[in-house]
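Welcome! Let's take a short walk through this structure, from its surface to its charged pairs.

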Amino acid sequence: MADSALWIASLTAGTAVLASWVTSRGTAQAARTQADAAASTQRSVRIRETRRAAYVNLIEQAHRMADLYWRVSDIHKSGTPETRTPELREVRLRLREEYSKLRHFVWVVALEGPAHVAEAAERLRLATQPPFRALEASIAGDADAVRAFDAGYDPFWKSILTFVATAKTAVHDM
């Protein structure tokens with residue numbers, strides 16, 4: 001009887017040690033899985049917020065440029081060519097400053113991705129060129145510059161709307 005008790009005690013102890021080892025491995029694996037899931041979620045949230053901030057910065061900057069382009073339209077409608085030219089030159093300087101910020105934000109969007117949003121940002125940047133060239137022509141005295149400016153503004157504005165829609169979809173699809 002003593003031998004069988006020792007045998008049962010050894011078997012019970014071995015089973016307890018094995019069960020403890022299996023449980024600790026399972027618990028450790030569950031903890032690792034939970035930590036990986038939490039890290040993945042945090043990474044996704046961080047990427048989403050970083051992209052969203054990049055998109056918002058670009059949209060705000062594009063609106064600042066749009067406001068200046070509206071100012072150009074107002075200047076074209078008022079005054080004489082002699083009074084318009086100094087005002088147009090002032091707006092041109094401000095547009096150059098704002099364009100450099102816009103270009104920076106386009107690069108940030110390209111860095112943050114995804115590719116289709118970066119492409120929409122680049123199209124927005126390129127859409128600033130026709131109105132700016134028309135502004136330059138207006139300062140130079142080109143009689144057709146006002147019409148060219150007005151024709152260039154609409155595609156610029158549409159590129160902003162396209163970027164907003166593309167960015168919105170990208171943020172919500174994450």
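In this predicted model, W7, I8 and L11 make a nonpolar surface patch of about 370 Å². One of these residues, L11, has its place in helix α1, which covers residues 2-77.

Now look at helix α3, residues 115-127. Its 13 residues reach 18 Å from the first C-alpha to the last, close to the 18 Å expected at 1.5 Å a residue. Several residues of α3 are buried, among them V117, L124 and R125.

Next come the charged pairs. The count of salt bridges comes to eight, and the table shows some of them, including one that R125 forms.

| Salt bridge | N to O distance |
|---|---|
| E87 and R71 | 2.8 Å |
| E98 and K101 | 3.7 Å |
| R125 and E122 | 2.5 Å |

What does the pair of E87 and R71 tie together? E87 lies in helix α2 (residues 81-112) and R71 in helix α1, so their bridge links parts that are 16 residues apart in sequence. E87 is partly exposed at 28% relative accessibility, and R71 is partly exposed at 36%.

E98 and K101 both sit in helix α2, three residues apart, about one turn of the helix. E98 is buried, with a relative accessible area of 12%, whereas K101 is partly exposed at 41%.

R125 and E122 are likewise three residues apart, in helix α3, and about one helical turn separates them. Here R125 counts as buried at 15% relative accessibility, while E122 counts as partly exposed at 28%. Elsewhere, salt bridges that share partners join R64, E98 and K101 into one network.

Definitions and conventions. Residues numbered from 1 in each chain as written. Predicted model: local features only at pLDDT ≥ 70, side-chain atom pairs only at ≥ 80, totals over all residues. Heavy atoms only, no water. Patch = residues over 30% accessible without salt bridge, like charges linked within 9 Å, V, L, I, M, F, W, Y side chains within 5 Å. Areas by Shrake-Rupley, 256 points an atom, 1.4 Å probe, with all protein chains shown as cover. Salt bridge = Lys/Arg side-chain N within 4 Å of Asp/Glu carboxyl O. Helix = DSSP H or I, 4+ residues; strand = E, 2+ residues; numbered from the N terminus. Expected span 1.5 Å × (residues − 1). Buried < 20%, exposed > 50% of the residue type's maximum accessible area, 1.4 Å probe, protein only.
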